[in-house]
Amino acid sequence: AAAAASAAGAPPVVATTAGVGAPAPALSESCVVMLRNMVTPDELDDELEGEVQDECSRYGNVRRVVVHTQEIDGEIAVKIFVCFTEPSEAEKARQSLAGRLFAGRTVHAEIFDQSRFEAGQLNG
C-alpha cells in the first residue's frame, strides 16, 4: 500500500508509536492557564467560575474553568485553571493576567500541562 501511495505522488504511510513512550507535548501547545494568588479559600463562592470565565473570555474561547484547592506547606492554596480552545489564547491570557493586581494580590499566571489537566492531575 505504501508503494502504491508513493507511486500516486502521496507520501508513504509510516507506522508510528506516538503516545508510547513519547514525550509530553510542549507547554507551548497547551490550552490551559493556571492562575494562583487570585483568591483566598475564604473568598471561594459559587460565582467564581462564572466570573473567571467572563473575565478570561476577552482573551479567547473559554472551554472550561476549574477551581482547585490544595494544601501547600500547611496553607490552603487556590488554583484556578482556565482551558481555552487554542494555545495562542492561553498565552494571551497568561501575558495579560500575570502580575496583575486582583483584590490587592498579585496574580501568578502560567501555562499548565494540558495532559495533566485533562487527567485531573492538578496538584504540584
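The largest nonpolar core of this predicted model comprises 20 residues, among which Val-33, Leu-35, Val-52, Cys-56, Ile-80, Val-82 and Phe-84 touch the most other members. A nonpolar core is here a set of buried Ala, Val, Leu, Ile, Met, Phe, Trp, Tyr and Cys residues joined through side-chain atoms within 4.5 Å; buried denotes under 20% relative accessible area, exposed over 50%, and partly exposed the range in between, with a 1.4 Å probe and protein chains only. At least two residues of this core are supplied by each of β1, α2, β2, β3, α3 (87-97) and β6 (108-112), helices (H or I, at least four residues) and strands (E, at least two) being DSSP runs numbered from the N terminus. The largest share, 4 residues, comes from β3. A second, separate core of 8 residues includes Val-66, Phe-112, Phe-117 and Leu-122. In soluble globular proteins, nonpolar side chains tend to be buried together.

Residues are numbered from 1 along each chain as its sequence is written. Local features required pLDDT of at least 70 and side-chain atom pairs pLDDT 80 or more, whereas totals for chains, interfaces and linings use all residues, and side-chain values use heavy atoms, with hydrogens and water left out.

Phe-84, one of the core residues named above, has contacts (heavy atoms within 4.5 Å) with residues including Cys-31, Val-33, Cys-56, Tyr-59, Val-62, Glu-89 and Ala-93, when residues up to four places away in sequence are not counted.

The strands β2, β3, β1 and β6 form, in that order, an open sheet of 4 strands with antiparallel pairing; two strands pair if DSSP finds at least two bridges between them. β2 and β6 are the edge strands, each pairing on one side only. From one strand to the next, the twist averages 25°. Axes are lines fitted to C-alpha atoms, for helices over the stretch in contact, and angles run from 0 to 180 degrees between N-to-C directions. Within the sheet, the antiparallel strands β1 and β3 are joined by 5 bridges, and Val-33 has Val-82 in β3 as its bridge partner. Two helices are placed relative to these strands as follows. Helix α2 lies across β2 and β3 and runs at about 125° to β2. Helix α3 packs on the sheet, where it touches β1, β3 and β6, and its direction makes about 160° with that of β6.

The whole structure contains 2 aromatic pairs. Rings of Phe, Tyr and Trp (its six-membered ring) pair if their centres lie within 6.5 Å, and planes under 30 degrees apart count as stacked, over 60 as edge-to-face and the rest as tilted. Phe-81 and Phe-112 form an edge-to-face pair, 4.9 Å centre to centre with 70° between the planes. Because Phe-81 lies in strand β3 and Phe-112 in strand β6, this pair ties together parts that are 31 residues apart in sequence. Phe-81 and Phe-117 form a tilted pair, 6.1 Å centre to centre with 40° between the planes. This pair links strand β3 to helix α4 (residues 114-118) across 36 residues. Phe-81 and Phe-112 are both buried, as are both Phe-81 and Phe-117. Through these ring pairs, Phe-81, Phe-112 and Phe-117 are linked into a cluster.

Positive phi values occur in two loop residues other than glycine. Asn-37, with phi near 70°, is placed in the loop between β1 (32-36) and α2 (48-56) and is partly exposed, at a relative accessible area of 31%. Asp-73, with phi of about 50°, is placed in the loop between β2 (62-72) and β3 (75-84) and is exposed, at a relative accessible area of 78%.
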